[in-house]
Amino acid sequence: MENNSQFLAGNIVVAESAIRAGCQFYAGYPITPQNDLGAYMAAEMPKHGRIFIQAESELAAINMVFGASAAGARAMTTSSSPGISLKQEGISYLCGAELPGVIVNVMRGGPGLGNISGSQSDYFQATRGGGHGDYRMLVLAPNSAQEIADLTATAFALSERYRMPAMILYDGYLGQLIENVTLPSCQETPALDRPYALSGNAGRKSRVIRSLYMGDGALEEHNQRLQARYKEVARREVRSEQT
């Protein structure tokens, strides 16, 4: 799709913007109100020689993103509130292993299964870490379809710069709302320096990716390093003064 100005729903905007930003791997599982996003990726990713997988569950999808990111791919998954809750362990593992990845949460009402209408219920989960502690994510919260288009590439770039997951957070109403949008131009996936990537060790030292630290004081040291990075992100990347 080369026409950059179109009337599109927010869910289609994030899907097309991710493709244009060079997303190489997508894994997801159907859930309302973001099913059109996954359907779009299923149709379009193979056309670009990229990988689409409909996983058997939300747990599988986030762990596929873990594996793709560990191998050096630009990876993404999407879901809605109950599905994001199921992904929390995998998100925590991504943070602990210092791996990038983009996660889209098209929020719906809760708690529990709630309903399928749009909601803004996941703010604290997203901004305070939804797993079992000691981590944060980058969170970008667009308030229009145009901001979705503008922030999708930013989410990939920041995630890779800081080696931590980035979440694009918006509600189900914005996901279905159709607006006039100027899409970003297509770009090739940048050749990033990924010294952590498990790309085969021929001619180099083996690499290890882990989130388990059992040595005396090792986890404390790891967490202090993560917290220093989060403070750097807060100092350099916050786009709003609201808290």
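Reply: Let us begin with accessibility: a residue is buried under 20% relative accessible area, exposed over 50%, and partly exposed in between, using a 1.4 Å probe and protein chains only. Ser92 has a relative accessible area of 9%, so it is buried. The model is predicted: local features need pLDDT of at least 70 and side-chain atom pairs pLDDT 80 or more, while totals for chains, interfaces and linings use all residues. Residues are numbered from 1 along each chain as its sequence is written, and side-chain values use heavy atoms, with hydrogens and water left out.

Me: Where is Ser92 found, and which residues does Ser92 touch, not counting residues up to four places away in sequence?

Reply: Helices (H or I, at least four residues) and strands (E, at least two) are DSSP runs, numbered from the N terminus. Ser92 belongs to helix 5, residues 88–97. Contact means heavy atoms within 4.5 Å. Leaving aside residues up to four places away in sequence, Ser92 touches His132 and Tyr135.

Me: In what order do the strands of the sheet stand?

Reply: Two strands pair if DSSP finds at least two bridges between them. Here six strands form an open sheet, in the order 3-2-4-5-7-6, with parallel pairing. Strand 3 (51–54) and strand 6 (138–140) are at the edges, each with a single partner strand, so one side of each has no neighbour in the sheet. From one strand to the next, the twist averages 20 degrees. For angles, axes are lines fitted to C-alpha atoms, for helices over the stretch in contact, and values run from 0 to 180 degrees between N-to-C directions.

Me: How many bridges join strand 2 to strand 4, and which residue stands opposite Tyr26?

Reply: Strand 2 (residues 25–28) and strand 4 (residues 75–79) run parallel and are joined by two bridges. Tyr26 stands opposite Met76 in strand 4. Helix 3 (residues 58–70) packs on the sheet, where it touches strand 2, strand 3, strand 4 and strand 5 (101–107). The direction of helix 3 makes about 165 degrees with that of strand 4.

Me: How many aromatic pairs does the count give?

Reply: Rings of Phe, Tyr and Trp (its six-membered ring) pair if their centres lie within 6.5 Å; planes under 30 degrees apart count as stacked, over 60 as edge-to-face and the rest as tilted. The count comes to two aromatic pairs. In one of them, the rings of Tyr26 and Phe52 have centres 5.5 Å apart and planes at 10 degrees, so this pair is stacked. Because Tyr26 lies in strand 2 and Phe52 in strand 3, the pair ties together parts 26 residues apart in sequence. Tyr26 is buried at 2% relative accessibility, whereas Phe52 is partly exposed, at 24% relative accessible area. Tyr123 and Phe124 form an edge-to-face pair, 5.2 Å centre to centre with 80 degrees between the planes. Tyr123 is partly exposed, with a relative accessible area of 35%, and Phe124 is exposed, with 58%.

Me: Which residues lie nearest the centre of the second largest pocket?

Reply: Of the 15 residues that line the second largest pocket, Ser92, Gly96, His132, Ser211 and Leu219 lie nearest its centre. This pocket holds about 290 Å³ of space. Helix 5 and helix 9 (218–237) each supply at least two residues of its lining.

How values were computed:
On a 1 Å grid over the protein atoms alone, a cavity is a set of points where a 1.4 Å probe fits but cannot get out, and a pocket is an open set with protein on both sides within 12 Å along at least five of seven lines; lining residues have an atom within 4 Å of a point. Grid points are joined across faces, edges and corners, and a volume is the space filled by probe spheres set on the points.
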